[in-house]
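Open the model in your viewer and keep the selection panel at hand. The tour goes stop by stop: select, look, move on.

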Amino acid sequence: MEIVIIILLAVGSLLMLLGAIGLNRFPDIFMRMHAATKAPSLGALLMLMAFAFYFSDMETSIKAIVIIVFIFLTTPIASHAIAATAHRLKVKKWDKMEIDDLERDRKKN
């Protein structure tokens, strides 16, 4: 069981590190937002699973599950709100971005 916990913690922390690197390296807000939400959410899931396995009592497992559900419910909503606001405010996009579906849809209406 200790090996599983170590693997979960290592992979979870690696995903969080990749999210942090993506925040630093990606060129615009939309890519940075993607890096700030996808990898760290999965990393938190894995680390909380390791936490639940390590303590292995019902109360701790329930708390970990509640936190996981909260993260996976709020992260997509927050990232969508940030992206929509950035698009409405016409935040500068990456120069090499070729397709902007929201702008195309806005021009149709």
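## Stop 1: the aromatic cluster

Select Phe51 and Phe55: both belong to helix α2, four residues apart, about one turn of the helix. Helices here are DSSP runs (H or I, at least four residues), strands are E runs of at least two, and both are numbered from the N terminus. An α-helix has 3.6 residues a turn, so residues three or four places apart point the same way.

Before going on, note what you are looking at. This is a predicted model, where local features need pLDDT of at least 70, side-chain atom pairs count only at pLDDT 80 or more, and totals for chains, interfaces and linings use all residues. Residues are numbered from 1 along each chain as its sequence is written, and side-chain values use heavy atoms, with hydrogens and water left out.

Now show the rings. The structure holds two aromatic pairs. Phe51 and Phe55 form an edge-to-face pair, because their ring centres are 5.0 Å apart and their planes stand at 65 degrees. Rings of Phe, Tyr and Trp (its six-membered ring) pair if their centres lie within 6.5 Å; planes under 30 degrees apart count as stacked, over 60 as edge-to-face and the rest as tilted.

How accessible are the two residues? Phe51 counts as partly exposed at 36% relative accessibility. Phe55 counts as partly exposed at 43%. Tyr54 itself is exposed, with a relative accessible area of 57%. The cut-offs: buried is under 20% relative accessible area, exposed over 50%, partly exposed in between (1.4 Å probe, protein chains only). Ring pairs link Phe51, Tyr54 and Phe55 into a cluster.

## Stop 2: the rest of α2

Select residues 29-55. This is helix α2, with 27 residues. From first C-alpha to last it reaches 38 Å, close to the 39 Å expected at 1.5 Å a residue. The expected span is 1.5 Å times one less than the number of residues.

Zoom to Thr37, in helix α2. Is Thr37 buried or exposed? Thr37 counts as buried, at 11% relative accessibility. Its side chain reaches the backbone oxygen of Met33 at 3.0 Å. That is a polar contact: a pair of N or O atoms within 3.5 Å, where, within protein, one must be able to donate a hydrogen and the other to accept it, and residues adjacent in sequence count only if both atoms are side-chain atoms. Leaving aside neighbours within four places in sequence, Thr37 is in contact (heavy atoms within 4.5 Å) with Thr75 and Ser79.

Next, His34, also placed in helix α2. His34 counts as partly exposed, at 44% relative accessibility. Draw a C-alpha to C-alpha distance from His34 to His80: they are 46 residues apart in sequence and 10.0 Å apart in space.

## Stop 3: the loop and α3

Step to Ser56, in the loop between α2 and α3. Phi of Ser56 is near 40 degrees, a positive value in a residue other than glycine. Ser56 counts as exposed, at 57% relative accessibility.

Select residues 58-88 for helix α3. Its 31 residues should span 45 Å at 1.5 Å a residue, and its end C-alpha atoms are 45 Å apart, which agrees. Colour the buried residues of α3, including Thr60, Ala64, Ile68, Thr75, Ser79 and His87. Just after α3, Lys90 takes a positive phi of about 55 degrees.

## Stop 4: the end of α1

Go to Arg25, in helix α1. Arg25 is exposed, with a relative accessible area of 68%.

## Stop 5: the whole chain

Zoom out. How many helices are there? The secondary structure comes to four helices and zero strands. Buried residues make up 27% of the 109 residues. Among contacts between residues at least 6 apart in sequence, 65% join residues at least 24 apart.

Finish by colouring on pLDDT, the predictor's confidence in each residue, from 0 to 100. The mean is 88, and 90% of residues reach 70 or more. Confidence is lowest in helix α4 (residues 101-108), at a mean of 62, and highest in helix α1 (residues 2-25), at 94.
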